[in-house]
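Dear colleague,

Please find the structure below, handed over for your study. My notes on what was found in it follow directly after.

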Amino acid sequence: MHLKNIDHINLTVANFDDTVQWYGRVFGFELVEEDLQDGLRWGVIRNGEVMLCLYERTDCRFEDRFAMRKKGLHGINHFGLRITDQQEWEATIEREKLTILYDGPIRWPHNTSWYITDPTGWEIEVAFWKNDTIRFD
């Protein structure tokens, strides 16, 4: 079996509307589906082939990966989104006044990554690969 890509990531979020608007402004996602399940709002946002499924849970509190680790719990450290235009991304950082974690961008051997958080606190790695080519050596 060959996998093409991850179909979507499913996230609980503190505020559905704020989250949809933020992902729209920051990454160009559009709301493509919305409904209620068990009385909870959910929806799918999409940018090209990248999709996130969002479930609003106002009754939950978010704990980052460091707090989860202290409690001996597993969790996702972050998810990564790949960009193709570094200048446009840096303009978005300025326009949206995004806080870059870990003292700024991290330069890996073949890419540069910025780590940010969304309105709920989910950590996102934004990766720009040299020549838009994924490589490891």
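Two residues are said to be in contact when they have heavy atoms within 4.5 Å of each other.

The model is predicted, so local features need pLDDT of at least 70 and side-chain atom pairs count only at pLDDT 80 or more, while totals for chains, interfaces and linings use all residues. Residues are numbered from 1 along each chain as its sequence is written, and side-chain values use heavy atoms, with hydrogens and water left out.

Overall form

The protein holds three helices and eight strands; both are DSSP runs numbered from the N terminus, helices being H or I with at least four residues and strands being E with at least two. Along the sequence, their order is β-α-β-β-β-α-β-α-β-β-β. The C-alpha trace spans about 45 × 40 × 35 Å along its principal axes. For 137 residues, a compact globule would have a radius of gyration near 14 Å, and the 16 Å of the protein agrees with this. That radius is taken over C-alpha atoms, and the globule rule is 2.2 Å times the number of residues to the power 0.38. Among contacts with a separation of 6 or more, 49% join residues 24 or more positions apart.

The nonpolar core

A nonpolar core is a set of buried Ala, Val, Leu, Ile, Met, Phe, Trp, Tyr and Cys residues joined through side-chain atoms within 4.5 Å. In soluble globular proteins, nonpolar side chains tend to be buried together. Which members of the largest core touch the most other members? They are Tyr23, Phe27, Trp89 and Ile124, out of 23 residues in that core. At least two residues each come from strand S1 (9-13), helix H1 (16-27), strand S4 (50-56), strand S5 (79-83), helix H3 (86-96), strand S7 (111-117) and strand S8 (123-129). H1 gives the most, with six residues.

Tryptophan 89 shows how such a member is surrounded. Apart from its neighbours within four places in sequence, tryptophan 89 is in contact with Val26, Phe27, Ile83, Leu98, Trp114, Ile116 and Val126.

Helix H3

Trp89 is also one of the buried residues of H3, together with Thr92, Ile93 and Glu96. Seen down the helix axis, these buried residues fall within an arc of 100 degrees, so they line one face of H3; the arc is that of the directions from the axis to the C-beta atoms. The cover over them includes H1, S5, S7 and S8. On the face turned away from the buried side, H3 carries the exposed residues Gln87 and Glu94.

Two buried strand residues

Threonine 112, mentioned above, is found in strand S7 and is buried at a relative accessible area of 11%. Valine 44 lies in strand S3 (residues 40-47) and, at 13% relative accessibility, is buried.

Salt bridges

Side chains of opposite charge can pair when their charged atoms come close. A salt bridge is counted when a side-chain nitrogen of Lys or Arg is within 4 Å of a carboxyl oxygen of Asp or Glu, and the structure holds ten. One of them pairs arginine 65 with glutamate 123 (3.6 Å, N to O). Arginine 65 lies in helix H2 (residues 65-70) and glutamate 123 in strand S8, so this pair ties together parts 58 residues apart in sequence. Glutamate 123 is buried at 9% relative accessibility.

Arginine 95 forms a salt bridge with glutamate 96, with the closest N and O atoms 3.1 Å apart. Arginine 95 is partly exposed at 48%, whereas glutamate 96 is buried at 19%. Shared partners also join Asp17, Glu34 and Arg41 into one network of salt bridges.

With kind regards

Note on methods:
Buried < 20%, exposed > 50% of the residue type's maximum accessible area, 1.4 Å probe, protein only.
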